[in-house]
Amino acid sequence: MVKRGKKKFRSSKSNKIVRRLDPPLGIKIVSVFFFISAILSFLFGVLIILGSVLGLSLLSSEDIKNMINNNPGLSAFGIESGTKLFTTIFAFGVFIIVWGIIEWYVGKGLWRAIRIWYVAASVLILIGLLTSLALIFSLTYSGLVPLVFYIVLAYLLWVNKNSRSYFGISSKLVKKR
């Protein structure tokens, strides 16, 4: 049995004392990663939205036409005018903000030992691992550092005995030491 600290607090609906478990160190590290990632995603999304709004208002139509003519890849996305370009950038910024909000709730759910957020964190870490491996297999070695980082997060979330018992997941799948 894993020893964990307990906090006492009074429930707001009743006067009963409720005990809440302290998360183990591995879960704290993974949760803080998701909190930091959420804050950075939110700020980046806001900057993208501001850039798209300012870009649309500051560029003349000639500048937009020159930019589209110089970047033939934009026409592959069906972007033939500046308004479509900046609308696409705006939509990307909104997507990044929504992604940041999801990451915030994943970190919060891990800290509070909610099992569905454990599954969501596992999926996000698995996506990060696969993305890093895809970068390495495409012979760009920019995926090495994220790969090591995601391997550490995966270990803390999936293999660490204290983390698994915090969520009530059996450790029978993991080899006993």
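1. **Ground rules.** This is a predicted model, in which local features need pLDDT of at least 70, side-chain atom pairs count only at pLDDT 80 or more, and totals for chains, interfaces and linings use all residues. Residues are numbered from 1 along each chain as its sequence is written, and side-chain values use heavy atoms, with hydrogens and water left out.

2. **Overall layout.** The chain has seven helices and two strands, taken as DSSP runs numbered from the N terminus (helices H or I, at least four residues; strands E, at least two). Starting at the N terminus, the order is β-β-α-α-α-α-α-α-α. Of the 177 residues, 31% are buried, where buried means under 20% relative accessible area, exposed over 50% and partly exposed in between (1.4 Å probe, protein chains only). Among contacts (heavy atoms within 4.5 Å) with a separation of 6 or more, 58% come from residues 24 or more positions apart.

3. **The core.** The largest nonpolar core has 20 residues; such a core is a set of buried Ala, Val, Leu, Ile, Met, Phe, Trp, Tyr and Cys residues joined through side-chain atoms within 4.5 Å. Val30, Phe34, Leu110, Ile125 and Leu157 touch the most other members. At least two residues of this core come from each of H1 (25-58), H4 (82-111), H5 (115-137) and H6 (144-159). Ile125 is worth a look: beyond its neighbours within four places in sequence, Ile125 contacts Val30, Phe34, Tyr150, Leu153, Ala154, Leu157 and Trp158.

4. **H5 against H6.** The two axes come within 9 Å and cross at roughly 155°; axes are lines fitted to C-alpha atoms, for helices over the stretch in contact, and angles run from 0 to 180 degrees between N-to-C directions. H5 is therefore roughly antiparallel to H6, a label for angles over 145 degrees. Residues meeting here include Tyr118, Ile125 and Leu129 in H5 and Tyr150, Leu157 and Trp158 in H6. The residues of this contact comprise 16 nonpolar, three polar and no charged, with Ala, Val, Leu, Ile, Met, Phe, Trp, Tyr, Cys and Pro counted as nonpolar, Asp, Glu, Lys and Arg as charged, and the others, Gly among them, as polar.

5. Ser41 lies in helix H1 and is buried, at 13% relative accessible area. Thr83 sits in helix H4 and is partly exposed at 46%.

Definitions and conventions: Angles under 35 degrees count as roughly parallel, over 145 as roughly antiparallel, 65 to 115 as roughly perpendicular and the rest as oblique.
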